[in-house]
Amino acid sequence: MSWLITGAGGMVGSDLHDALAMRGEDVVALTKSDLDITDSRAVAAAVAEARPAIVVNCAGYTRVDDAESNERLANAINGSAVELVAQAANSVDALLVHLSSDFVFDGRKDLPYEINDRTAPLSIYGRSKLMGELAATHARRHVVVRTSWLFGAHGPNFVEAIRKQINKGTNPLRVVNDQRGRPTYTPHLAEAIIRIANLDARGVIHYADEPECTWYDFARAIVEELGASVTVNPVSTAEFPRPATRPAYSVLSTERYERLTGVRPEEWREGLREYLEVRGSRFE
């Protein structure tokens with residue numbers, strides 16, 4: 001099987017490339033500097049040259065708060081560029097695997113979001129990701145993988161944010177306790193993407209690690225795994241205002257993933273331990 005990864009320098013793209021390389025797969029991994037996915041000619045040429053069986057679009061504008069003042073750029077990268085990738089995939093009859101986000105939902109449910117639940121993004125970032133989902137459907141063969149709360153060794157993430165606060169001597173830490181989701185370790189997501197692509201699945205599939213928790217719960221687990229003598233205090237979202245509105249509840253149901261693959265999602269706590277082994281667990 002031959003693969004082409006866009007956004008291969010990011011958290012998911014890097015781990016996906018590593019997972020495929022370990023399997024001895026034929027992979028063309030294109031970073032942001034290798035390929036501007038908003039350039040239609042460049043995208044068409046890259047896919048035509050590689051002629052992959054599977055294109056995984058890991059490229060994206062991920063700065064959620066900055067998107068509020070950079071709507072055009074977020075829409076270009078997360079939205080319209082996906083159609084360029086879809087058209088290029090069609091030219092070689094490739095399967096397009098496109099990554100999306102829990103931010104396409106408004107967070108008003110109190111049960112896990114199923115793949116067919118109504119989308120209603122609250123932020124410019126969320127709207128741009130929904131645009132990308134629709135653009136991905138221009139590929140004759142496509143699957144949209146929604147995921148949530150990513151952390152991995154190849155990019156900024158919540159675990160590093162907490163560790164930096166500890167290193168700065170912040171005590172107590174104040175972390176929101178009224179946003180609930182499922183943290184996901186990017187090597188776990190990479191393995192899930194490979195399973196999904198090898199099934200030649202179609203439509204929307206959710207993948208996120210287990211179990212659900214709040215950011216406060218996640219922060220307490222990080223502090224515990226680090227062995228840091230730091231107090232974590234719960235606060236409300238209202239006490240921690242941000243430019244972009246977050247969904248209060250964005251737990252993704254992984255029922256379809258489990259049914260198709262026969263595999264339960266990994267546990268984020270195990271991913272956290274592996275992450276700290278890779279990055280080092282020092283906090284002082």
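Is the crossing of α1 and α6 right-handed or left-handed? It is right-handed.

First, the ground rules. This is a predicted model, where local features need pLDDT of at least 70 and side-chain atom pairs count only at pLDDT 80 or more, while totals for chains, interfaces and linings use all residues. Residues are numbered from 1 along each chain as its sequence is written, and side-chain values use heavy atoms, with hydrogens and water left out.

Back to the helices. Helices here are DSSP runs of H or I, at least four residues, and strands are runs of E, at least two, numbered from the N terminus. The axes of α1 and α6 come within 8 Å and cross at roughly 60°. Axes are lines fitted to C-alpha atoms over the stretch in contact, with angles from 0 to 180 degrees between N-to-C directions. So α1 and α6 are oblique to each other. Oblique is what remains after under 35 degrees (roughly parallel), over 145 (roughly antiparallel) and 65 to 115 (roughly perpendicular).

Who touches whom? On the α1 side, M11, V12, D15, L16, A19 and L20. On the α6 side, T186, P187, L189, A190, E191, I193 and I194. Contact means heavy atoms within 4.5 Å. These residues divide into 10 nonpolar, one polar and two charged. Nonpolar covers Ala, Val, Leu, Ile, Met, Phe, Trp, Tyr, Cys and Pro; charged is Asp, Glu, Lys and Arg; the others, Gly among them, are polar.

Keep E191 in mind. E191 also forms a salt bridge with R23, closest N and O atoms 2.5 Å apart. R23 sits in the loop between α1 and β2, and E191 in helix α6, so the pair ties together parts 168 residues apart in sequence. R23 is partly exposed at 41% relative accessibility. E191 is partly exposed too, at 26%. The cut-offs: buried is under 20% relative accessible area, exposed over 50%, partly exposed in between, with a 1.4 Å probe and protein chains only.

How many salt bridges does the whole structure hold? The search finds 21. The criterion is a side-chain nitrogen of Lys or Arg within 4 Å of a carboxyl oxygen of Asp or Glu.

Two further pairs. R118 meets D106 at 3.5 Å, N to O. R118 is exposed at 62%, whereas D106 is buried at 12%. E133 pairs with R146 at 2.8 Å. Both E133 and R146 are buried.

Last, a network: salt bridges link E224, E225, R269, E270 and R273.

Notes. A crossing is left-handed if the near helix is turned anticlockwise from the far one by less than a right angle, and right-handed if clockwise.
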